[in-house]
Structures are given as C-alpha cells and as structure tokens.
Amino acid sequence: MVKVATYFAMTLGAFMLWKTLDKAHVWIALYQDEKLERLEREAKIRRVKEELIRQAQEKEALL
C-alpha cells in the first residue's frame, strides 16, 4: 500500500512540475515576444524621427 501511495504521490508531483514548467515556458516566450515587438517599435520610431529631422534640415537649407 505504501508503494502505491508513493507511486501516486510521485506521479502527481511530476505532473504538477510538468504543468508549472509549461506555464513558465509560455510566460518566458510571451515576454520575449513583447520585448522584440517593443524594440521593433522603438527602432521604427527612431527611423521616422531621423527622417523628419533630415527633411527639416533639407527644407531649412533651401530657405
């Protein structure tokens, strides 16, 4: 009976560990995706800002 209870407890523990690790993996993947999207947005903003500055300088040089 002790062997059965031990087997059941170890199986339950392994299942709980597996589910916890699965949730952690999903959380890490989502965090990395959000970080990548944020970096891409910041790079796009930087490019647009540089383009506007360059256009303003060209316009100013013509005047």
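This is a short tour of the model, stop by stop, with something to select at each one.

**Before you start**

You're looking at a predicted model, where local features need pLDDT of at least 70 and side-chain atom pairs count only at pLDDT 80 or more, while totals for chains, interfaces and linings use all residues. Residues are numbered from 1 along each chain as its sequence is written, and side-chain values use heavy atoms, with hydrogens and water left out.

**Stop 1: the whole chain**

Show everything as a cartoon. You'll find one helix and zero strands; these are DSSP runs, numbered from the N terminus, with helices being H or I over at least four residues and strands being E over at least two. Helix 1 takes in residues 2–62.

Now turn the model around. Along its principal axes, the C-alpha trace spans about 95 × 5 × 5 Å. The radius of gyration is 27 Å, while a compact globule of 63 residues would have one near 11 Å. (That radius is taken over C-alpha atoms, and the globule rule is 2.2 Å times the number of residues to the power 0.38.)

**Stop 2: the surface**

How much of the protein is made up of buried residues? The share is 0% of the 63 residues. Buried means under 20% relative accessible area, exposed means over 50%, and partly exposed is in between, using a 1.4 Å probe and protein chains only. The accessible surface comes to about 6500 Å², and 67% of that belongs to carbon and sulfur atoms. Areas like these come from the Shrake-Rupley method with a 1.4 Å probe; for residues, only the protein chains shown count as cover.

**Stop 3: a nonpolar patch**

Select Phe 8, Leu 12, Phe 15, Met 16 and Trp 18. Together they make a nonpolar surface patch of about 590 Å². Patch members have over 30% relative accessible area and no salt bridge; nonpolar side chains (Val, Leu, Ile, Met, Phe, Trp, Tyr) are joined within 5 Å, and like charges within 9 Å. Click on Trp 18, which lies in helix 1 and counts as exposed at 53% relative accessibility.

**Stop 4: a negative patch**

Next, colour by charge. There are 12 positive and 10 negative side chains, and the centres of the two sets lie 7 Å apart. Lys and Arg count as positive, Asp and Glu as negative, with His and the chain ends not counted. Each charge is placed at NZ of Lys, CZ of Arg, CG of Asp or CD of Glu.

**Stop 5: the salt bridges**

Side chains of opposite charge can pair when their charged atoms come close. A salt bridge here is a side-chain nitrogen of Lys or Arg within 4 Å of a carboxyl oxygen of Asp or Glu. By this rule there are two.

Select Arg 38 and Glu 42 for one of them: their closest N and O atoms are 3.7 Å apart. Both residues are in helix 1, four residues apart, or about one turn. Glu 42 is partly exposed at 34%, as is Arg 38 at 35%.

Finish at Glu 51 and Arg 54, where the closest N and O atoms are 2.2 Å apart. This pair is three residues apart in helix 1, so about one helical turn separates them. Glu 51 is partly exposed at 29%, and Arg 54 is partly exposed at 42%.
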